[in-house]
Amino acid sequence: MDIVITGSVAYDILMTFPGYFRDHILPEHIDSISLSFLVESMVRRRGGTAPNIAYTLALFGERPRLLVAVGEDFEEYRLWLESCGIDTRGAKCIPGVYTASFFANTDRANAQIAAFYPGAMAYAWQLSLQDLGGNPPDLVVISPNDPVAMNNYVQECCRLSIPYLYDPSQQIVRLSAAELREGIENARALFVNEYEFALIQKATGFQLEDILHSVEFMVVTHGKNGSTVFGGSQRYCIPGIPPEQIADPTGVGDAFRGGFLVAYARGMDWETCGRVGALAATYCLEQQGTQSHTFTTTEFLKRYRQHFDDQGKLEGWL
Ligand SMILES: Nc1ncnc2c1ncn2[C@@H]1O[C@H](COP(=O)(O)OP(=O)(O)OP(=O)(O)O)[C@@H](O)[C@H]1O
Ligand SMILES: [Mg+2]
């Protein structure tokens with residue numbers, strides 16, 4: 001299956017302050033606040049929803065294509081993604097701008113002061129599926145991005161009759177009710193966590209039945225409590241798979257999507273899709289960062305079988 005993934009591309013610059021922000025905030029001088037924190041650690045990680053989802057797909061040997069807007073500092077990121085087996089020819093470099101960047105400083109109490117600079121992401125509306133060349137893809141993933149870009153991709157998919165998976169996530173709050181309705185009504189699938197599902201219902205007035213009436217399948221994730229897959233007029237409860245340790249919860253949702261999509265692309269049943277997604281998410285949870293988990297397909301299958309009986313279905317599949 002030829003899958004095109006759209007969404008954000010970002011660098012996450014994560015710092016830790018060995019103290020408490022609250023000790024340095026002077027309420028009586030708030031009008032002239034001026035603070036600089038000497039931090040004790042900093043890491044710069046590659047992130048963004050599109051490469052995160054693509055990364056897990058590529059771990060299984062898929063070769064997803066990205067359609068994303070990036071900045072002049074993307075070159076080393078491009079090399080990394082290519083080395084993972086991701087097709088970055090659709091990553092368009094916007095001259096004179098940086099790739100989106102998230103700067104976060106966290107203190108001892110886990111209080112956070114952060115800033116998100118959209119950079120090149122603000123130009124994603126300029127990209128079109130037609131820029132990719134070649135045959136139209138079998139499936140497009142519309143994950144969080146510049147809101148105008150997300151709406152454009154919905155419209156383009158409709159115009160070109162390309163099925164898409166709608167994953168509005170953090171951008172739900174930036175999309176109008178009409179835009180969300182259009183995105184859902186025309187989608188092949190909707191992916192959300194349970195909080196996002198509640199936000200969508202409130203914003204659109206859609207009930208579960210309304211959504212299931214439009215889409216072929218829908219997935220609602222519930223953190224450590226697993227996920228619910230709605231497909232073929234059934235509902236499947238997929239358990240979360242306990243991690244050996246939790247190193248970093250960032251990116252689990254994206255890893256879940258990547259795993260689910262691999263199984264979907266290979267024609268697996270809904271329950272198997274959800275279970276593969278759940279195990280991919282657990283692998284991600286066990287590492288720092290969103291693109292640090294690794295496994296061979298043999299290792300993955302072995303661990304899968306410690307939790308589920310695939311009745312031989314996955315033999316030769318991975
Ligand atoms: N603590 C956990 N233990 C086991 N599995 C987990 C845990 N947290 C998440 N998962 C797995 O990851 C999937 C997605 O998690 P979650 O519902 O937290 O997504 P999310 O809120 O979109 O996350 P993100 O922060 O990446 O956006 C779950 O359905 C589950 O399979
Ligand atoms: Mg999420």
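Analyst: Let us begin with the ligand. A polar contact is a pair of N or O atoms within 3.5 Å; within protein, one must be able to donate a hydrogen and the other to accept it, and residues adjacent in sequence count only if both atoms are side-chain atoms. Here a polar backbone atom of Val-252 is 3.3 Å from an oxygen atom of ligand 1. Taken alone, ligand 1 exposes 620 Å², of which the protein buries 79%; such accessible areas come from the Shrake-Rupley method with a 1.4 Å probe, and for residues only the protein chains shown count as cover. This is a predicted model, in which local features need pLDDT of at least 70 and side-chain atom pairs count only at pLDDT 80 or more, whereas totals for chains, interfaces and linings use all residues. Residues are numbered from 1 along each chain as its sequence is written, chains are lettered from A and ligands numbered from 1 in the order in which they are written, and side-chain values use heavy atoms, with hydrogens and water left out.

User: How many residues surround ligand 1, and which are the closest?

Analyst: A residue is near a molecule if one of its heavy atoms lies within 4 Å of it. There are 18 residues around ligand 1, and the closest are Asn-193, Thr-221, Gly-223, Gly-226 and Gly-253. The side chain of Asn-193 has an N or O atom 2.8 Å from an oxygen atom of ligand 1, while Gly-226 places a backbone N or O atom 2.9 Å from an oxygen atom of the ligand. By class, the shell holds eight nonpolar, nine polar and one charged residues, where Ala, Val, Leu, Ile, Met, Phe, Trp, Tyr, Cys and Pro count as nonpolar, Asp, Glu, Lys and Arg as charged, and the others, Gly among them, as polar.

User: Which helices each supply at least two residues of that shell around ligand 1?

Analyst: Helices (H or I, at least four residues) and strands (E, at least two) are DSSP runs, numbered from the N terminus. Helix H7 (252-265) and helix H8 (270-285) each supply at least two residues of the shell, and the largest share, four residues, comes from H8. Gly-253, one of the closest residues, is in helix H7.

User: Which residues of helix H9 are buried?

Analyst: Buried means under 20% relative accessible area, exposed over 50%, and partly exposed in between (1.4 Å probe, protein chains only). An α-helix has 3.6 residues a turn, so residues three or four places apart point the same way. In H9, the buried residues are Phe-300, Leu-301, Arg-303 and Tyr-304. They lie on the same side of H9, because they cover an arc of only 170° around the axis, the arc being that of the directions from the helix axis to the C-beta atoms. Thr-298, Lys-302 and Gln-306 are exposed on the other side of H9. The buried residues of H9 pack against H8, with contact meaning heavy atoms within 4.5 Å.

User: Where is Asp-310 placed, and is Asp-310 buried or exposed?

Analyst: Asp-310 is in the segment after helix H9 (297-307), and Asp-310 counts as buried because its relative accessibility is 4%. Its side chain reaches the backbone nitrogen of Leu-314 at 2.8 Å. Not counting residues up to four places away in sequence, Asp-310 touches Tyr-304, Arg-305 and Glu-315. Glu-299 lies within helix H9; with 45% relative accessibility, Glu-299 counts as partly exposed, and its side chain reaches the backbone nitrogen of Thr-296 at 2.9 Å.

User: What does the side chain of Arg-65 join in a polar contact?

Analyst: Arg-65 lies in strand E4 and is buried, with a relative accessible area of 12%. Its side chain and that of Asp-2 are joined by a polar contact of 2.6 Å.

User: What is phi of Ser-161, and where is Ser-161 found?

Analyst: Most residues other than glycine have a negative phi, and most peptide bonds are trans. Ser-161 has a positive phi near 55° and is found in the loop between helix H3 (147-160) and strand E9 (164-166), where Ser-161 is exposed, with a relative accessible area of 64%. Ser-233 also has a positive phi, near 50°; Ser-233 lies in the loop between strand E12 (227-231) and strand E13 (234-238) and is exposed, with a relative accessible area of 82%.
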